[in-house]
Every structure is written in structure tokens, then in C-alpha cells.
Amino acid sequence: MAPGSKAERKAALDAGAWMFNVVTSVATTLTGLHFATTTLMTLVMKWLGYIQPSYLPLPELVKFVFFANLSIVGMNVSLMWNSVGFYQIAKLCIIPVLCILEILFDKVRYSRDTKLSIVIVLVGVAVCTVTDVSVNSQGLLAAVIAVWSTALQQHYVHHLQRKYSLGSFNLLGHTAPAQAASLLVLGPFVDFWLTNKRVDTFNYTSIVTFFIVLSCIIAVGTNLSQFICIGRFTAVSFQVLGHMKTILVLTLGFLFFGKEGLNSHVALGMLLAVIGMIWYGNASSKPGGKERQVYSTPSEKTQKHGILSSQSELDQKV
């Protein structure tokens with residue numbers, strides 16, 4: 001390997017090590033800073049007139065923040081207490097849970113092709129990412145909480161946007177301040193419980209501070225893009241197509257840091273995942289591929305029948 005490529009690889013590994021150190025030490029508090037930055041962005045957008053006044057009931061906001069914060073803590077704990085392989089399996093389980101939520105609460109019906117495409121995506125991502133799999137009782141509990149809270153939070157995003165006619169910016173303007181406040185208050189205690197380290201005693205060097213600020217800036221786009229994608233499509237589509245990020249990360253890793261770890265097993269998984277995503281996009285967009293079923297109540301049927309009967313009598317008189 002050339003000296004230049006060795007230096008680049010070392011720099012990338014050093015950056016990754018610093019980022020891993022920051023995230024594992026102050027993960028929950030860091031997320032609070034992310035939402036605080038997002039809140040600042042929404043305030044600027046309101047001041048510029050891009051976000052119009054909107055309404056979201058307090059009980060709905062409290063439920064959303066509960067699911068969202070539980071998802072953040074659950075995912076962090078799941079990653080700490082489980083192997084990377086089992087953590088990846090848990091993340092994949094979010095998709096079938098979201099499907100169940102859409103079927104139960106949104107009365108969504110999936111075609112056979114849409115179901116098969118989802119299975120192909122799950123199998124493909126699992127094949128190329130899941131390696132070592134070990135689990136224990138507390139890790140399993142953390143994974144279950146993480147999966148269900150994440151699914152409920154993402155499903156709730158679509159529900160609130162549809163029910164209260166909220167745009168992505170509007171919903172983020174309601175939820176970001178509440179999440180920032182709650183996470184910044186509870187975050188230091190949660191992080192101390194998880195790592196036995198106090199946030200205020202962490203060694204905030206210039207490099208660490210740089211990565212914290214950088215992550216806050218990136219988080220604004222991440223938070224907004226999640227609301228935009230779920231609002232325009234659904235939480236299931238967001239999760240299915242979101243696994244393209246995993247494939248891109250693997251691909252870029254192989255391109256920039258050598259082919260170590262790339263084998264026929266991983267290549268097959270990546271190919272299956274991409275095929276599944278393309279198939280899902282095509283199948284779900286077709287008529288009947290994924291649609292919400294609307295059921296008429298007896299009173300609605302009676303009312304419609306009465307209107308039709310009146311119209312028929314009027315036609316006969318004419």
C-alpha cells in the first residue's frame with residue numbers, strides 16, 4: 001500500500017476513533033444538542049417567514065417526545081449491550097413492526113410483490129451486515145424497546161402530519177424544542193448511568209468540540225430529512241429505502257479503504273438489497289401495491305343509499 005493511502009487510512013481511523021469516543025461518552029446529551037441546534041434553525045425559519053403558525057395539542061406532543069426519546073436511549077443502550085450483529089438484526093426488525101402498525105392503525109394493504117420486495121431487502125441487508133450474533137437477556141430487552149419505540153415514533157410522524165395538516169418544518173418546530181429541553185435535562189443522568197462518566201468532566205479538546213459542532217450541523221439536515229421523507233411517503237418506505245445508506249457506506253468503505261472484508265457473501269447481500277429496494281419502489285407505487293383501505297360506516301352507507309334513492313326518484317319524475 002502506498003504511503004499516502006496509509007496516511008489517509010490512519011487519518012480516517014483517528015477521526016472515527018474520536019467520533020466514537022464522543023458518541024459513546026455523551027450520546028444522549030449530544031442528541032439534545034442536536035435538537036437544540038435544530039430548534040435554532042426552526043426559529044430562524046419562523047423569523048424569515050418560511051414556517052407559518054400551526055397547532056399541535058400538548059398531549060400529542062408529549063406522546064411523540066416520549067416515543068422519540070425512548071427510541072434514542074433504546075438504540076444507544078442496544079448498541080452498548082448487544083453485539084453489532086444483533087444490533088443490526090434489531091434495526092431490521094423495525095420494518096416488519098412498522099408494517100404491523102400501518103396494517104392495524106392505517107388500514108394499509110400490501111400487495112404480494114410489495115411484501116416480497118421488503119423480504120428481499122431485509123435478507124440482503126442482513127447478509128451483508130450481520131456477522132457475529134450474540135445476545136443476553138438485558139440486551140434483548142433493550143433491543144425490543146428500541147425497535148418498538150423507533151417504529152412508534154416514525155409512525156407517529158406520519159400520523160401527526162396527516163391528522164393536523166402539518167408540514168415537515170411545522171412539525172419539527174413543535175417537537176424539536178421539547179426534545180432538546182427534555183434530552184438536555186435528562187441526558188447527563190442517562191449518560192452517567194450508561195457509561196459511569198459525567199458529561200461535565202469530559203475532556204473537551206478542540207478536536208472533540210469540532211466534531212460536536214459538526215455533528216450538530218449535520219443533525220439539522222438529518223432531522224429535517226426524516227420528517228420530509230416520512231411525510232411525503234410513509235415510515236415503512238423511509239426505513240426500506242433508508243437501508244440504501246448502509247449499502248452506500250459499505251461501498252464507499254471498499255472504494256476508499258481497500259477491498260478488505262469484501263467477498264462474494266457481502267457482494268451478494270448488497271446486490272439483493274439493491275434489487276429489493278428497486279422492486280419495492282416499483283411495486284409499492286403501482287395501483288394496489290400499497291394502499292389505505294377505507295371502510296364506510298353503516299350510517300354513511302345509509303346516507304349514500306338515501307342520496308342515490310332521492311336522485312333516482314328525481315330522475316324518474318323528470
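## First stop: Gln-239

Start by selecting Gln-239, which sits in helix 9 (residues 235-242); helices here are DSSP runs of H or I with at least four residues, strands are runs of E with at least two, and both are numbered from the N terminus. Keep in mind that this is a predicted model, where local features need pLDDT of at least 70, side-chain atom pairs count only at pLDDT 80 or more, and totals for chains, interfaces and linings use all residues. Residues are numbered from 1 along each chain as its sequence is written, and side-chain values use heavy atoms, with hydrogens and water left out.

Is Gln-239 buried or exposed? Gln-239 is buried, at 11% relative accessible area (buried means under 20%, exposed over 50%, partly exposed in between, with a 1.4 Å probe and protein chains only). Now show what surrounds the side chain: setting aside neighbours within four places in sequence, Gln-239 is in contact with Lys-91, Ile-94, Ile-95, Leu-98 and Gln-154 (contact means heavy atoms within 4.5 Å).

## Into the core

Then click on Leu-171. Beyond its neighbours within four places in sequence, Leu-171 is in contact with Leu-56, Val-157, Leu-160, Gln-161, Leu-166 and Phe-227.

## Aromatic rings

Show the Phe, Tyr and Trp rings next. The count comes to 5 aromatic pairs, where rings (the six-membered one for Trp) pair if their centres lie within 6.5 Å; planes under 30 degrees apart count as stacked, over 60 as edge-to-face and the rest as tilted. One of them is Phe-64 with Phe-227, an edge-to-face pair at 6.2 Å centre to centre and 85° between the planes. This pair ties together distant parts of the chain: Phe-64 belongs to helix 2 and Phe-227 to helix 8 (residues 206-232), 163 residues apart. Phe-64 is buried at 0% relative accessibility, and Phe-227 is buried too, at 3%.

Now move to Phe-210 and Phe-211, whose ring centres are 5.5 Å apart with planes at 65°, so this pair is edge-to-face. Phe-211 is buried, with a relative accessible area of 15%. Finish the rings by selecting Phe-66, Phe-67 and Tyr-156, which form one aromatic cluster.

## Charged partners

There are 7 salt bridges in the structure, each a side-chain nitrogen of Lys or Arg within 4 Å of a carboxyl oxygen of Asp or Glu. Go to helix 2 (residues 58-81), where Lys-63 and Glu-60 are 3 residues apart, about one helical turn. Their side chains meet in a salt bridge at 3.6 Å, N to O. Which of the two is buried? Glu-60 is, at 8% relative accessible area, while Lys-63 counts as partly exposed at 42%.

Next, pick Asp-113 and Arg-112, whose side chains form a salt bridge at 3.9 Å, N to O. Arg-112 is exposed at 65% and Asp-113 is partly exposed at 29%.

Then try Asp-200 and Arg-198, a salt bridge with its closest N and O atoms 2.5 Å apart. Asp-200 is exposed at 55%, whereas Arg-198 is partly exposed at 48%. For a network, select Glu-60, Lys-63 and Lys-163, which are joined by salt bridges that share partners.

Select Cys-93 and Cys-216. Cys-93 is partly exposed at 35% relative accessibility, and Cys-216 is buried at 9%. How many disulfides are there? The count is 0, taking a disulfide as a pair of cysteine sulfur atoms within 2.5 Å.

## Last stop: the annotated spans

To wrap up, colour the spans that an unreviewed UniProt entry annotates as "transmembrane region": residues 26-49, 61-79, 116-133, 139-157, 169-190, 202-221, 233-256 and 262-282. UniProt positions are given in the numbering used here, feature names are shortened, and annotations may be inferred rather than shown by experiment. Residues 139-157 are 100% helix and 0% strand, with end C-alpha atoms 27 Å apart. Residues 169-190 are likewise 100% helix and 0% strand, and their end C-alpha atoms lie 29 Å apart.
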